[in-house]
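Dear colleague,

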Amino acid sequence: MSRIAIRNLTVRYGKHDALRNMNLDIPDGKITVILGPSGCGKSTLLRSLNRLTDLYDEVSVEGQVLIDGENIHDPRADLLALRKKVGFLPQRPFPLPMSIADNVRFGPRIHRMTREDILRQIGAPADAAASRHAAMDLLVEHYLKQAGLWEEVRDRLHAPGANLSIGQQQRLALARALAVEPEVILADEPTSALDPISAQLIEKRFQALKEKYTIILVTHVLRQARRLADYVIFLYMGEMVEHGPASFLNSPRDPRTRAYVGGEIS
Amino acid sequence: MLSRRKTDRWTGGTMRGALLLVNLVAFTIALLLLWKSWPVLSGQPIKDVLFSTNWHPTQGQFGYLAFIVGTVAVTVLAMALAVPVCLLSALCISEYIPTRLRWPVRLGIDVMAGVPSVLYGLLGIIVVVPWVHRLGAYFGRDGSGYSLLAGGIVLGLMVSPVIISVAVEVLQGVPRDAREAALSLGTTKWEVSLHVVARHAWRGLMSAVVLGFARAFGETMAVLMVVGNDAHIPTSLFDRVYPIPALIANNYGEVMSIPLYDSALLLGALLLMILVGAFNLAAHVMLARSEPGRA
Amino acid sequence: MLYRRIQEWFFRALMGLSLVIVLGSLVAMLGVLAWRGIGAISLEVLFQTPKGGYYLGGGGGIANAIVGSLYLALGGTVLATVLSLPLALALQREYASPRLARLTRLTLDVLAGTPSIVYGVLAFVIMVRIGMGASLIGGILTLTVLMLPIMTCAMAEVIALVPREMKETAYGLGATRWESTLAVVVRQSLPGLITAVLLAFGRGIGDAASVLFTAGFSDRIPTSLADPTASLPLAVFFQIGSPVKEVQERGYASALVLLVLVLLVSVVSRLIGRRFSRHVIR
């Protein structure tokens, strides 16, 4: 069984079914793309994978999402550990209301990582930093580099995150998500608000990162799915129509998938 | 990790407790008022309390009619003066004046909404009362100028910034698309303002008015200073009146010597709270309906 | 077409007229108060407490009311802030169920609309029952109750504006509700929170009806929480009714001081709002 498994998952907004009875294993160490027209339940599915559904009124969740065998929708589940394990990249990047460096530090700081934890996590030698503070600086540099943002912001780490361009903000969001060293990254149309160049930068980052992380990406852009996906899930009106290795997009079986791939619906 | 969770649980519990407590406190306030005014309510039939003008504290007679009429008269007059002017002004600010002027005008209005009522009362004494006195003399009415009319004007002026401020906010919330759609059909700006913007926002506008009404209804100082404070049912604009808040403010300090007086004045407070609460409730419901997205 | 054009111009003129009337009366009001007040203000009036025979035209000033008002309003504001902030934060979805939040908002709206005279008499009833006289602490506590709903409503409004995605980001990183609240929600809404505090301060310092019985009035600057305390709104109210001209003049002076304080707070609240918005995402 793969690490993330969805069992009989149904999500409702009030009386409206946003997702109906899904069953799926998400392959590890790959980029899985959730594809489908807008309003088909893509974001709902993504949010139910780290229980951000809790924040919405009138949302009810039935069924199970198992991560490493633990059902995260169990009220007793350890939410904090879960969310640390699963990183989230929203559609529009929202820098937290603090400086660039503090944005990256936010996760490690609330998880109270010690100097040793930090150095171990970024793979630095144990004597690379004398204090926790210095180690944090190394961590900020490490993850900003991973997100491909370091060169652009190294001179203004203490400027507000809000001052960055939107493309830079999205890479900051990526650095911030990576800094808690998640095992899975959830991304909700992470390039839809970006200009083409920033979007390309982000896509490249994803391809580099899939070595280490399981990435689940929501998009309604077919070409993006073709570029990035190893595995594709096609959703339509709250229902999982088809799923499989990305190659199935070339020969879809279901008429709805065919219509979507053929450009008749979008 | 353990203490992070504990902190979260502890703060969460405290905050939820605080919410419950606030509701409890509000309930207690109402209950306390009812309990303290019970002696008067149980001592005579409620219709004598509400619909009689016999106000003789020393004889234990407390007929609230003149005060109720006084309160309602002043408030209604103030609203009659303020509402048309305020709604038109709000439309003007929201739809007509240039954007670059809108901000300072709104700022000015907001600032005026924060000016203490006692200062409006003072203005009433300096300017409005003498003016009403002269007007009254012109119509062959003598009197000091301390009157229903003076109270209405002062109160109307006082609630204007409140009404305008809320109304402009509501009008600005009308989506631009709605205006553009109508304008592109060849309507004039006034027609758009009336048929599209105002219709779109009418619940919000109503609630602006109701909020102003509630504010005027409970206002004490500004009114007390200019209405003359005489417990009779007024027959003209130049008559003196005596609203409930003024009654309480003027007399509560020396009630201990007369039996039941204290209880009677608290009944006045209870009436105020119930009526103002009802207005606010109405405004709340209307506003909540006009913004379905509000969490 | 002609009819519609005339209609347009008619209503345009009517609206312009309305706005001129409202703005004109408000500006005129400021003018009258300022003009009357400036003539009456002097160093003696500002910095001295009433001397013997003050209410018959003797010397002295309104320092008792100025200091008293500041004590009352500051004390009330501090207490109300301490209580309001957690309440406003608690109204978030994470802490309150939608039903509890709706009920509480309604309660707060009703409390915020309750006339201040009602709070004034109620507090007085309780104070009499526990054997407490008109005092600084009585006034402060009454003002706290008066300010609490106003401040909480204003705070809850700005807190509701914090983008949901921003909270999702914090939670996505494994933050607890409390951590997200402190690090994200409070920081993001800080300018609005400060405005809410200052708004309530402005309401508190100008309110007369609630301190009428609870704080009383005194010619001395209070030295303990149990002393009766003068306030500017009451100084205006009492002195303006006096037949003695000098006393009336000092009523005008009190009014001007009060007006300046309130306008100052209004302006400062906007400036501070801008100063603290460095990190705020719009």
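**The second largest pocket**

By class, the lining of the second largest pocket has 29 nonpolar and 5 polar residues and no charged ones, where Ala, Val, Leu, Ile, Met, Phe, Trp, Tyr, Cys and Pro count as nonpolar, Asp, Glu, Lys and Arg as charged, and the others, Gly among them, as polar. This is a predicted model, in which local features need pLDDT of at least 70 and side-chain atom pairs count only at pLDDT 80 or more, while totals for chains, interfaces and linings use all residues. Residues are numbered from 1 along each chain as its sequence is written, chains are lettered from A and ligands numbered from 1 in the order in which they are written, and side-chain values use heavy atoms, with hydrogens and water left out.

The pocket (on a 1 Å grid over the protein atoms alone, an open set of points where a 1.4 Å probe fits, with protein on both sides within 12 Å along at least five of seven lines; lining residues have an atom within 4 Å of a point) holds about 840 Å³ of space. Of its 34 lining residues, B:Val25, C:Leu83, C:Thr144, C:Val145 and C:Leu148 lie nearest the centre. Helix H1 (2-43) of chain B gives the most to this lining, with 10 residues, and among the other helices that each supply at least two are H3 (63-90) and H6 (136-159) of chain C; helices here are DSSP runs (H or I, at least four residues) and strands likewise (E, at least two), numbered from the N terminus.

**Between chains A and C**

Chain A and chain C bury about 2600 Å² between them, 66% of it on carbon and sulfur atoms, buried area being the accessible area (1.4 Å probe) that two parts lose on being put together, summed over both. The contact (heavy atoms within 4.5 Å) takes 29 residues from chain A and 26 residues from chain C.

B:Leu119 touches C:Met29, C:Leu33, C:Ala255, C:Leu258 and C:Leu259, not counting residues up to four places away in sequence.

Chain B has 12 helices and 2 strands, and buried residues (under 20% relative accessible area, 1.4 Å probe, protein chains only) make up 55% of its 295 residues.

With best regards

Notes
Points joined across faces, edges and corners; volume = space filled by probe spheres on them. Buried < 20%, exposed > 50% of the residue type's maximum accessible area, 1.4 Å probe, protein only.
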